[in-house]
Amino acid sequence: MALFALATHFLMLTSLKISLMQLLLPQAAAFLINHRYGCHYSPPRSLAALRATSTLDDPNIQHINQLLMDKKQELLDGLLDDPSNLNEQSPLSILAADNDLRDTFLTTEQRVYETLLSSRLDLPFLNRAIVGPSEIEGAGRGLFATEDIKEGDVITCYPGDALLCELPSTDEGGEGDPFDLEDDENEAVDEVVLWGRHVPKGDRWDDDTVFDGSKSSPPLTSYAVTMSDVYSVMGHPSLDDNPAYIGHFANDGAGHLAYEMPDSPRNIEASLELGLDTESSEFGVEDNIAAYVLKSFDVANAMHQPVDDDEFHMVTVAIRDIKKGEEILVTYGPDYWISDYAGHIADAEDDS
């Protein structure tokens, strides 16, 4: 029940002016520690430093960018020959009504963007990792380096096998233009799942399975990584044989802390490493969050980020040197674990 308690008591953090998204930063967790205990704790690394490690000097990054620009030009040139060419390559919902609705307002620029984001390019030079049994208890499969990888180098791509697209709700009574993605008055949203054309039709899940999972598979949304305010990319767990697109198998090295109570042995151990007073009567959920965030950033050796400012692709980049055979770890953030735990609770209630 640690995550339930975490969600229930999260409002306690508002007095410290810390939001859930802010807690994704190690500096925010350090502020929490320093504020509560009057001591000075320096986080292992800042988010700015992590992002700075991704460099355009990496020839693989340059190669991916060039291929994306070539693909974009190919799509635009194809429009001159036959306007339907782009439609035949862009991602689709399995629901015809969603596709018909989107056809009424989607611009050529948006359709090109979605096509690039959901495509799997031919990247034979990106062969640096493999999927195998994770070393983390209960994590299932994980991602492992097949060669030494330098800090700042791209490891693999995070695929957009499916896109989670947030559109303004078309329900009656909403304010603003329901088809204007930039309209700030559109507060309600509909989530549309768009499948890349490379995904076999038999592997395209219905929306219930995407959002709720099945007896044999977790929700596809558990693989979602946010690209922008509108789009998130989701890697398909069945598509695991292309080393250029396996970023969705990287685990969070401290996720086990999120599922445990603050006074569990492993959380106590992590808190002691941070110099927290575990004997204090104030030791509780906030410290559990801080311990998770800092531990997760401390053990992470990679991160997911857009390949460039155009955000046509997501890549997984090394944030420190990684040895051959080492498991590649990222940080999911506390919001992921809260949502994941809430899903487990909802499933348990449905089964009861």
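Visitor: Which residues in α7 are buried?
Guide: R111, V112, Y113, E114, T115, L116 and L117. Before we go on: this is a predicted model, where local features need pLDDT of at least 70 and side-chain atom pairs count only at pLDDT 80 or more, while totals for chains, interfaces and linings use all residues. Residues are numbered from 1 along each chain as its sequence is written, and side-chain values use heavy atoms, leaving out hydrogens and water.

Visitor: OK, aromatics next. How many aromatic pairs are there?
Guide: The count comes to two aromatic pairs. Rings of Phe, Tyr and Trp (its six-membered ring) pair if their centres lie within 6.5 Å; planes under 30 degrees apart are stacked, over 60 edge-to-face, and the rest tilted. For Y113 and Y231, the ring centres are 5.3 Å apart and the planes sit at 55°, so that pair is tilted. Y113 is in helix α7 and Y231 in strand β7 (residues 231–234), so the pair ties together parts 118 residues apart in sequence.

Visitor: And are those two tyrosines, Y113 and Y231, buried or exposed?
Guide: Y113 counts as buried at 13% relative accessibility, and Y231 counts as buried at 6%.

Visitor: What's the aromatic pair of Y113 and F312 like?
Guide: That pair is tilted, with 5.9 Å centre to centre and 50° between the planes. Y113 in helix α7 and F312 in the loop between β9 and β10 are 199 residues apart, so to speak distant parts of the chain that the pair links. F312 counts as buried at 6% relative accessibility. Ring pairs link Y113, Y231 and F312 into a cluster.

Visitor: You mentioned β9 and β10. What's the strand order in that open sheet?
Guide: β3-β10-β9, three strands with antiparallel pairing. The edge strands, β3 (154–158) and β9 (302–306), each pair on one side only. Two strands pair if DSSP finds at least two bridges between them.

Visitor: How many bridges do β9 and β10 have?
Guide: Five, in the antiparallel sense, with β10 covering residues 314–318. A302 stands opposite A318 in β10.

Visitor: Zooming out, how many helices and strands does the protein chain have?
Guide: The secondary structure comes to 12 helices and 11 strands. Of the 352 residues, 47% count as buried.

Visitor: And what's the mean pLDDT?
Guide: The mean is 76, and 62% of the residues reach 70 or more. pLDDT is the predictor's confidence in each residue, from 0 to 100.

Visitor: Where does pLDDT stay under 50?
Guide: Residues 1–48 are one such stretch, with 104 contacts beyond four places in sequence; a contact means heavy atoms within 4.5 Å. Residues 341–346 also stay under 50, with six contacts beyond four places in sequence. Where pLDDT is low, the predicted coordinates should not be read in detail.

Notes
Helices (H or I, at least four residues) and strands (E, at least two) are DSSP runs, numbered from the N terminus. Buried means under 20% relative accessible area, exposed over 50%, partly exposed in between (1.4 Å probe, protein chains only).
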